Amino acid sequence: MHYGLNIRKEGALDFVSLGALVHRLDPGIIPFRKAAHCQIHVSGGEFNVAANLADCFGLQTGIVTAIVNYPIGDLVAERVKAMGVRPFYKRFEHNGVTGPNIAAVYSDQGHGVRAPVVFYNRSDEAAARMKPGDFDWTAIFAGGVRWFHSGGIFAALSETTAELIIEGMQAAKAHGAVVSFDLNYREKLWRAAGGADRAVSVLGRIVEHVDVLVGNEEDLQKGLGIQGPQVAAKSKLDPSAFFDMMERVVARFPNMKIVATTLREVHSTSRHAWGAVAWIGGKTYVSPTCELDVFDRVGGGDGFASGLFYGLLSGASPDEAVRLGWAHGALLTTFPGDTTMASLEQVRAFAQGGSARIAR
């Protein structure tokens, strides 16, 4: 037993995520109302972690999700395959007019003093139709799965997605997998899904099944209704407020072994100070901090989660696991899109105190 987690030594899949796939339209630094063209990124908070773990860290990963038989679904499925993630799809037919759809996320990058703007069109999203009973969990876990993951974005999509997360987590526990969850509290999504009270009720029921939780102070307060820190942090990089809340988190969820988050101070859209912190089995771990020249901030948190999970799965020390997450999240903000383009060598070098000197 490592870090209080009983991680299987082996399995056909190291990691399986449950969540929604989306396509993100990105006009770069141009605001949408002035945009003439966009890049398309395939994304999804839960998928991003599986994709990062496969592509950068070389693990065997899977995604349990919805796909739609129409050209956007084909584009998404091609990108899932390219990232090396094994899909477990619930398939939906598109009627050619109104759906069901793969959700669209619109997100410009902002620049300098102008913040990025994110908005959604999740109208008749196929993933929101997913429900308990849609997947044969015994078949998915048949060859052994070491780690199972989901997140708060998927939980917010419909009444049935939250129930499906709980069903998946119960199956994961029964098959000996570690269970993680990223609170990923999104105000706009929960406002459309019944408001703050429903978020606390739904997420609380899910987190009862969780071993490893990813979430910052705001996620813990708004998503779980945990009382905020007694003393306000001096800066966004000060971990004391986060640690101050840990006793309350663990008192309410005694099943919790690890809680971790990124620390980010935004100087401008293009310049962030970046750190990470974790509470692991009652001990606290803090990463170094660095200044980031941000190219595209979307996906940085998922980048942290995937590096941290890789460290834990590979038997790294807690301190090293936090550093790997911190380093990979930092590198991820230097690439376009939501998923990794880093190599494991780059991540290890940065985690061990590397620099941006040219590698010849």
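**Figure 1. Tryptophan 274 of strand E12 and its bridge partner in strand E14.** In this predicted model, tryptophan 274 has cysteine 290 of E14 as its bridge partner. Strand E14, residues 290-293, runs antiparallel to E12 and is joined to E12 by four bridges. Strand E12 spans residues 271-280, and nine of its 10 residues are buried, so the strand is largely enclosed by the rest of the structure.

**Figure 2. The hairpin of strands E11 and E12.** Strand E11 comprises residues 258-268 and pairs with E12 in the antiparallel sense over 10 bridges. Two residues lie between E11 and E12 in this hairpin. Within the pairing, leucine 263 has glycine 275 of E12 as its bridge partner.

**Figure 3. The hairpin of strands E12 and E13.** Strand E13, residues 283-286, is antiparallel to E12, and four bridges join the two strands. Isoleucine 280 is placed opposite lysine 283 of E13. The hairpin has two residues between its strands, and glycine 281, located in the turn, shows a positive phi of about 55°.

Figure 4. Four strands in the order E3-E2-E6-E7 make up an open sheet with mixed pairing. The edges are formed by E3 (39-43) and E7 (118-121); each has a single partner strand, so one side of each is left without a neighbour in the sheet. On average, and with direction ignored, neighbouring strands of this sheet are turned by 25° against each other. Strand E2, residues 22-26, pairs with E3 in the antiparallel sense over five bridges. In this pairing, aspartate 26 has glutamine 39 of E3 as its bridge partner. Helix H2, residues 71-82, packs on the sheet and touches E2 and E3, and its direction makes about 65° with that of E3.

**Figure 5. Packing of helices H5 and H7.** On the H5 side the contact is made by Glu159, Ala162, Glu163, Ile165, Ile166 and Met169, and on the H7 side by Arg198, Val202, Arg205 and Ile206. The contact of H5 with H7 comprises six nonpolar and four charged residues, with no polar residues.

Figure 6. Is aspartate 211 buried or exposed? Its relative accessibility is 6%, and because the limit for a buried residue is under 20%, aspartate 211 counts as buried. Apart from neighbours within four places in sequence, aspartate 211 is in contact with Leu5, Lys173, Ala177, Val178, Val179, Asn255, Met256, Lys257 and Ile258.

**Figure 7. Packing of helices H11 and H12.** Helix H11 (residues 318-332) packs against helix H12 (residues 344-351) at an angle of about 115°, and their axes are 8 Å apart. The crossing in which H11 passes H12 is right-handed. From H11, the residues Glu320, Arg323, Leu324, Trp326, Ala327, His328, Ala330 and Leu331 meet Gln346, Val347, Arg348, Phe350 and Ala351 of H12. By class, the contact of H11 with H12 holds eight nonpolar, two polar and three charged residues.

Definitions and conventions: Residues are numbered from 1 along each chain as its sequence is written. This is a predicted model: local features need pLDDT of at least 70, side-chain atom pairs count only at pLDDT 80 or more; totals for chains, interfaces and linings use all residues. Side-chain values use heavy atoms; hydrogens and water are left out. Buried means under 20% relative accessible area, exposed over 50%, partly exposed in between (1.4 Å probe, protein chains only). Contact means heavy atoms within 4.5 Å. Ala, Val, Leu, Ile, Met, Phe, Trp, Tyr, Cys and Pro count as nonpolar, Asp, Glu, Lys and Arg as charged, and the others, Gly among them, as polar. Two strands pair if DSSP finds at least two bridges between them. Axes are lines fitted to C-alpha atoms, for helices over the stretch in contact, and angles run from 0 to 180 degrees between N-to-C directions. A crossing is left-handed if the near helix is turned anticlockwise from the far one by less than a right angle, and right-handed if clockwise.
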